[in-house]
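Subject: Structure handover

Hello,

Here is the structure for your files. My notes on it follow below.

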Amino acid sequence: MTGERTIKAALYEGVSPSAPLLKVTDLPAPVANNGDAVVKILATRVVSYAKDVLDGTRPYPNLLPMVPGPGGVGIIQSVAPGAIHIKPGQMVFIDPTVRSRDHPVTPEAMLQGLIAFGRGKELQRVWNNGSWAEEMLVPLENLTVIPESVQAKFSPAELTSISNYAVPLGGLYPNLRPGQTVVITGSTGMFGSSAVAVSLALGARRVIASGRNKKQLDEFVTLYGPRVVPVVTTGDVAKDTQAFLEAAGEGFDIDVSFDILPPQATFGAVQSSILALRDGGTAVLMGGLNSSAEIPYPAIMNKGLTIKGHFMYDRTGPTTIIGLADAGLLKLQHRREPKIFKLDEINDAVEWSAAHPGAFDSTIVLP
């Protein structure tokens with residue numbers, strides 16, 4: 001249409017046999033309808049596995065073409081009827097977890113700009129595009145206003161880390177109580193390292209950070225002090241279980257096991273952390289393991305263990321993280337200087353993020 005307003009966006013049309021994976025192009029600007037808003041993107045992030053999704057290594061089911069990019073930080077441009085608290089000009093955090101509004105118990109879900117599960121594709125038909133763009137259309141319930149006091153402390157690029165922390169918060173709270181001891185498996189990844197920080201912010205007595213990378217595990221002690229005890233896992237279930245028990249400290253038990261390992265990992269470390277739980281302990285599974293979960297039946301029954309699966313976080317998650325940050329209990333600053341890219345450099349950003357998947361690495365796009 002002549003005179004139609006356009007925006008610049010990174011378009012994904014499907015797996016390509018050659019680079020580039022994404023095409024930066026002009027698309028029609030989004031328009032707010034009932035129950036959503038248009039957000040101007042200030043900062044967004046690139047997760048380390050984005051390249052795997054785009055090149056087909058992780059064959060995520062999506063309706064194509066689409067603009068990738070899960071979540072971010074932006075300014076409200078326009079709001080459709082139905083909004084009460086969201087207004088143009090406000091800075092907001094964008095939660096990518098979009099849930100259907102018409103089923104209170106088992107809503108379908110998708111991660112906007114990343115993946116749609118099953119009937120979640122029906123949501124993707126409406127909110128198909130993510131944050132690797134100048135603007136995006138977002139459901140109202142996926143927006144959290146960032147108070148001015150928090151804006152004064154953190155830049156938009158730093159505020160993108162709200163998502164990193166909100167994910168493990170969803171599984172840790174309310175399962176982890178102040179004064180308790182928790183084992184984190186997958187600590188050296190982005191979400192695992194965030195789980196360490198969130199556990200401390202929630203008042204954990206001790207966080208047992210486990211993984212295979214001793215250098216990165218030791219960095220947790222430098223960052224957070226003696227409340228973090230690193231355990232380098234070996235893959236031997238019996239040895240790792242004993243190492244976790246010893247790391248808890250004399251006279252203390254392990255109350256919670258929290259897993260957020262990636263798909264390619266094995267279940268051994270998770271099994272060890274579950275076997276190390278005290279009677280009545282809780283195991284929370286939030287990772288992406290593709291392997292089967294084998295846990296001895298007697299251990300679950302005799303110890304009265306609770307084993308929970310958990311996906312993402314509820315609507316209060318970002319608000320809780322913002323509150324912890326405002327109180328000084330959680331630092332949103334990047335733990336290592338982030339790599340910053342412009343939207344035109346999105347393919348370079350994807351490559352960089354894939355090559356730097358460490359616990360303290362961050363890849364940020366500033367459209």
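How many of the residues of strand β14 (residues 254–259) are buried? The answer is 6 of its 6 residues, where buried means under 20% relative accessible area with a 1.4 Å probe, protein chains only. Helices (H or I, at least four residues) and strands (E, at least two) are DSSP runs numbered from the N terminus.

This is a predicted model, with local features needing pLDDT of at least 70 and side-chain atom pairs pLDDT 80 or more, while totals for chains, interfaces and linings use all residues. Residues are numbered from 1 along each chain as its sequence is written, and side-chain values use heavy atoms, without hydrogens or water.

Strand β14 runs parallel to strand β11 (residues 181–185), joined by 4 bridges, and V183 stands opposite S257. Strand β15 (residues 277–285) is also parallel to β14, with 5 bridges; here F258 stands opposite V284. Pairing requires at least two DSSP bridges.

F258 is also among the residues with the most contacts inside the largest nonpolar core, which has 75 residues. Such a core is a set of buried Ala, Val, Leu, Ile, Met, Phe, Trp, Tyr and Cys residues joined through side-chain atoms within 4.5 Å. Helix α6 (residues 190–201) gives the largest share of this core, 8 residues. Apart from this core lies another, of 16 residues, including I208 and L305.

Regards

Conventions. Buried means under 20% relative accessible area, exposed over 50%, partly exposed in between (1.4 Å probe, protein chains only).
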